[in-house]
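Have the sequence and the structure open as you read.

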Amino acid sequence: AYSVAFIFGSIFSIITIGLLGTWWGLGVAIVASSYTAILWNHPYALIIFAMEALWIAIALRRGKSNLVLIDVLFWLCVGSLLVVLFYGGIMHLNAQAVTIIILKQAINGVFNALIASLILYQTPICRIAGKEYAESSYKTLLFNVICAFLMFPALSLLLYQNYQENTSLNKQVATRIQKETKVIENELTEWLASYMNAVGAIARLGGTYGLTPSVQLQNELERINKLFPDFHNLYLGNKSGTTVAFYPPENEKGESTIGLNFADRPYFKQLVETGTPVISDVFSGRGGVFKPIFTISFPVIKDSRLSHFALGAINLDNLWEKLKNHAWKSGLVVTLLDSNRNIISSSDAIRKSLEKLPEMKGSDIITSVPDVFLRVPGAKKNTGLMQVWKNAYYFSNMPVSRTSWTLQVEYILLPMQKQLYASAIKGLSAIA
């Protein structure tokens, strides 16, 4: 899983060494291993496998014949050091990744040497090729059979167990994301509905107290603001978009907020066009507060035309706290996006309000859970796929009711990758 794969090209290079000699075998090893540069996105495995073939060729020329033990000696003396040098030193993989690569490549190499040994010594291929081995004895046969009876079931069981664990963990995470996305969307919808009702109550004040500035209007706005602390500010505006009541009555610069005109704002234009409540996209405030906000506005329609409206600007700091607490409990990343994919708020402190959410280049993999996907970043030159997978993540997108927003919930794959790698290391160590 996650770029840890067994390959079998060295079987053919070892057979070629036994039948045709060192240089033919080395050439086959280079050709067979060249695909790893595409598969794993770096040339270091090719170098290691070529060195393995050369080591085996030299040992055979010196009269050694036990291919399994020859290969074991390579991984104990040279192969492991090369993995540490290339993967740990040059590619800067962590200790867990280097350990699993050493174990996987060593066991893979020994397994391939065993298969090649069985083919060379226990089949008529050498006789057909006109090559005879004096060491093709009962002792070699017994050694290879014992190795095969140990390795085949152990590797098969390990691969099956890791596949089952991988499948189970993937489904658990995808199901949790699906569930949490629905829960968070429901909470957001209820929260927005309650604040929409509060703005609607302010809009009705225009019919009670009129559309001229008054102490009664200011007192009512102050009372509602105390009941709904997530509001930055509240105001009542006339049909031309000018404020007739505003709380607080002065902005952060000490300027009066009564008589400000917001007719050029997109939310006001939408309010006039639709005659329905509007939850805006995120934007930078300029009247009562000077930071990223979104607004909830509620119109009052008379004779099919806008009579007046009320508006509340939402404090994104409080919304961020809500998302952060939810993310902390669930171990997920929660991001709220507007219709332009600008970030409204996110539990990830790196993602700032008003910024565009960057698109990760890569591919989306469909999971067994509806509406949950796995996004894998695109490969980069000389960057191993194990590193690429560290940045992969599960995600689900859901529209937020009565808005043009999207709720995106993500789970970074790294913790699950570490868990699966730790399990694989235990299994590979037992086989080793």
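## Helices α4 and α6

In this predicted model, α4 and α6 cross in a right-handed sense. Helix α4 covers residues 44–61 and helix α6 covers residues 95–122; the angle between them is about 40°, and their axes lie 13 Å apart. That angle makes α4 oblique to α6.

Which residues make the contact? On the α4 side you will find A45, I48, F49, E52 and L60, and these meet Q105, G109 and Y121 of α6. Sorted by class, the residues of this contact are five nonpolar, two polar and one charged.

## Helices α1 and α4

Helix α4 also packs with α1, the helix of residues 9–20; here the axes come within 10 Å and cross at roughly 25°. With that angle, α1 counts as roughly parallel to α4. The crossing of α1 and α4 is right-handed.

From α1, the contact is made by S10, I14 and I17, while α4 brings E52, A53, I56, A57 and L60. The residues of this contact comprise six nonpolar, one polar and one charged. If you are colouring residues by partner, note that E52 and L60 take part in the contact of α4 with α1 and also in the contact of α4 with α6.

## Helices α8 and α13

Next, look at α8 and α13, the latter being residues 414–431: the two pack at an angle of about 170°, with 11 Å between their axes. They are therefore roughly antiparallel to each other, and α8 passes α13 in a right-handed crossing.

The list of contact residues runs along both helices. α8 supplies A154, L155, L158, N162, E165, N166, L169, N170 and V173, and α13 supplies M416, Q419, L420, S423, A424, G427, L428 and I431. By class, the contact of α8 with α13 has 10 nonpolar, six polar and one charged residues.

## The largest pocket

Rolling a probe the size of a water molecule over the atoms shows where empty space is left. The largest pocket holds about 390 Å³ of space. Its lining has 16 residues, and those nearest the centre of the pocket are V72, I107, V110, I431 and A432. One of these, I431, is also part of the α13 side of the contact with α8.

Which helices each supply at least two residues of the lining of the largest pocket? They are α5 (67–90), α6 and α8 (138–209). And how do the lining residues divide by class? The lining of this pocket has 15 nonpolar residues, one polar and no charged.

The lining of the second largest cavity divides into nine nonpolar, five polar and two charged residues. For the largest pocket, by contrast, the lining has no charged residues.

Notes. Residues numbered from 1 in each chain as written. Predicted model: local features only at pLDDT ≥ 70, side-chain atom pairs only at ≥ 80, totals over all residues. Heavy atoms only, no water. Axes fitted to C-alpha atoms, helices over the stretch in contact; angles between N-to-C directions. Helix = DSSP H or I, 4+ residues; strand = E, 2+ residues; numbered from the N terminus. Parallel < 35°, antiparallel > 145°, perpendicular 65-115°, else oblique. Left-handed = near helix turned anticlockwise from the far one by under 90°. Contact = heavy atoms within 4.5 Å. Nonpolar A, V, L, I, M, F, W, Y, C, P; charged D, E, K, R; others polar. 1 Å grid on protein atoms, 1.4 Å probe; cavity = no way out; pocket = protein on both sides within 12 Å on 5 of 7 lines; lining within 4 Å. Points joined across faces, edges and corners; volume = space filled by probe spheres on them.
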